[in-house]
Amino acid sequence: MANIHRKKFRIWFIFFCLLFVAAILCGISMGASSVSITRIIPTFLGQGTFKEEFVLFSVRLPRVIILALGGLALAAAGTIFQSVTRNDLADPGVIGVNAGAGVGVTVFYLFASTNLQQYVFMLPIAAFLGALLTVGCIYLFSFEKGQGIQPFKLVLVGVGFATALSGLMVLLMSTAERADVQFISKWLVGNIWGIDWPYLWALLPWFILCLPILFYKVNVLNVLSMKESTAIGLGVNLNKERVLLLFLAVALAGSAVAVTGAISFIGLMASHIAKKLIGPKHQYFLPVALLIGATLLVIADTIGRILLSSATIPAGLVVAFIGAPYFIFLLIRNK
């Protein structure tokens, strides 16, 4: 059985690596100012024109890297939430984590919007604190003494919190200046806005810290996916591991949506698709889920940029167009 999982992992990992590279190349080359795919490598080697170098290094490259990292982080967070709660419907956007991060970013932005570039490293922290407070409340409301977290109840509570926090953001918008309202409204629909190098440097420390811990905990995630009695029998400290893993999920999701906007369904789709293709063992399907998440967000942004010649469709709307029907399908199947 293990050999079958390994074989599936190798095949799908190579496939999604190639798809990811293709998505990156398309994301770099396509847009209002196009750069031919055949000119990307020469431009990297310093043989491009001034326009090609400007578009590649100042406009496209930081954007696609941030998108890839954001999709990867949301896929990782979705995998953690689904494993910890044993619920395939769990997603940072669906259960209110992104909305909590959004409130944190909104409150911070209203105080620092005059010169946001100076405070760029504070954005992930503000998002993390907002998301952490939200997850803490959701955890408390979905926890029943003697039974632990109730998976379906967690989704319902999370959806309620997401709605309430979205309403709070609208309330904050009603008291803000017009320029601030434009920023918040773009964030709410998943408009990628943190597309410069400083935002990438602000994200990297979170990934460098969180991802190694996540891969170190793959066996714990395997155990947490089982029945609670089985996990206890295997000697796992459920409360301690859940708190640590939820902390990781909040850190990854919060830091990602701080610069990518309110992106939902990436974590839901990436983890679920990878698990169906490869199997339930995290050491095999998790790397593929991360690749799927990164690829999905890069493709969604590229489609949004090229679909209309006069405007850009937010990547969050493109993802939602695919993810919402998928979520409804899972909801009906798991009813």
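At what angle do the axes of helix H3 (residues 50-85) and helix H11 (residues 238-260) cross, and within what distance do they come? In this predicted model, the crossing is at roughly 150 degrees, and the axes come within 8 Å. The legends below begin with the whole protein and then turn to close-up views.

**Overview. The protein has 14 helices and 2 strands.** Of its 335 residues, 52% count as buried. The accessible surface comes to about 15,300 Å². Carbon and sulfur atoms hold 70% of that surface. Among contacts with a separation of 6 or more, 76% join residues 24 or more positions apart.

**View 1. Helix H3 packs against helix H11.** Angles over 145 degrees count as roughly antiparallel, and H3 and H11 are therefore roughly antiparallel to each other. H3 passes H11 in a left-handed crossing. On the H3 side, the contact residues are Ile66, Gly70, Ala73, Leu74, Ala76, Ala77, Ile80, Phe81 and Val84. They meet Arg242, Leu245, Leu246, Leu248, Ala249, Val250, Leu252, Ala253, Ala256, Val257, Val259 and Thr260 in H11. By class, the contact of H3 with H11 has 18 nonpolar residues, 2 polar and 1 charged.

**View 2. Helix H3 also packs against helix H12 (residues 266-278).** The angle here is about 70 degrees, and the axes are 7 Å apart. That makes H3 roughly perpendicular to H12. H3 contributes Gly71, Leu74, Ala75, Gly78, Thr79 and Gln82. H12 contributes Ile266, Gly267, Leu268, Ala270, Ser271, His272 and Lys275. The residues of the contact of H3 with H12 divide into 5 nonpolar, 7 polar and 1 charged. Leu74 of H3 takes part in this contact and in the contact with H11.

**View 3. Helix H5 (residues 123-142) packs against H11.** The angle is about 140 degrees, with the axes 8 Å apart. That makes H5 oblique to H11. The crossing is right-handed. From H5 come Leu123, Pro124, Ala127, Phe128, Ala131, Leu132, Val135 and Tyr139. From H11 come Asn239, Arg242, Leu246, Phe247, Val250, Ala251, Gly254, Ser255 and Ala258. The contact of H5 with H11 has 13 nonpolar, 3 polar and 1 charged residues. Arg242, Leu246 and Val250 of H11 meet H5 here; these H11 residues also meet H3.

**View 4. Thr134 sits in helix H5.** Is Thr134 buried or exposed? Thr134 has a relative accessible area of 6%, so it counts as buried. Leaving out residues up to four places away in sequence, Thr134 touches Gly96, Gly100, Phe161 and Leu165. Thr134 and Gly100 are 34 residues apart along the chain. Their C-alpha atoms are separated by 5.4 Å.

**View 5. Val155 lies in helix H6 (residues 151-174).** Its relative accessibility is 4%, so Val155 counts as buried. Which residues does Val155 touch, not counting residues up to four places away in sequence? They are Asn87, Leu89 and Ile95. Val155 and Gly96 are 59 residues apart in sequence. In space, the distance between them is 8.9 Å, C-alpha to C-alpha. Gly96 is also one of the residues that Thr134 touches.

**View 6. Phe265 occupies the loop between H11 and H12.** Most residues other than glycine have a negative phi. Phe265 is not a glycine, yet its phi is positive, at about 80 degrees. The relative accessibility of Phe265 is 13%, so this residue counts as buried.

**View 7. Trp12 lies in helix H1 (residues 2-29).** At 28% relative accessibility, Trp12 counts as partly exposed. Where in sequence are its contacts, leaving aside neighbours within four places? Trp12 is in contact with Leu277, Ile278 and Val288. Trp12 and Leu277 are 265 residues apart in sequence. Their C-alpha atoms are 7.8 Å apart in space.

Key: Residues are numbered from 1 along each chain as its sequence is written. This is a predicted model: local features need pLDDT of at least 70, side-chain atom pairs count only at pLDDT 80 or more; totals for chains, interfaces and linings use all residues. Side-chain values use heavy atoms; hydrogens and water are left out. Axes are lines fitted to C-alpha atoms, for helices over the stretch in contact, and angles run from 0 to 180 degrees between N-to-C directions. Helices (H or I, at least four residues) and strands (E, at least two) are DSSP runs, numbered from the N terminus. Angles under 35 degrees count as roughly parallel, over 145 as roughly antiparallel, 65 to 115 as roughly perpendicular and the rest as oblique. A crossing is left-handed if the near helix is turned anticlockwise from the far one by less than a right angle, and right-handed if clockwise. Contact means heavy atoms within 4.5 Å. Ala, Val, Leu, Ile, Met, Phe, Trp, Tyr, Cys and Pro count as nonpolar, Asp, Glu, Lys and Arg as charged, and the others, Gly among them, as polar. Buried means under 20% relative accessible area, exposed over 50%, partly exposed in between (1.4 Å probe, protein chains only). Accessible areas come from the Shrake-Rupley method with a 1.4 Å probe; for residues, only the protein chains shown count as cover.
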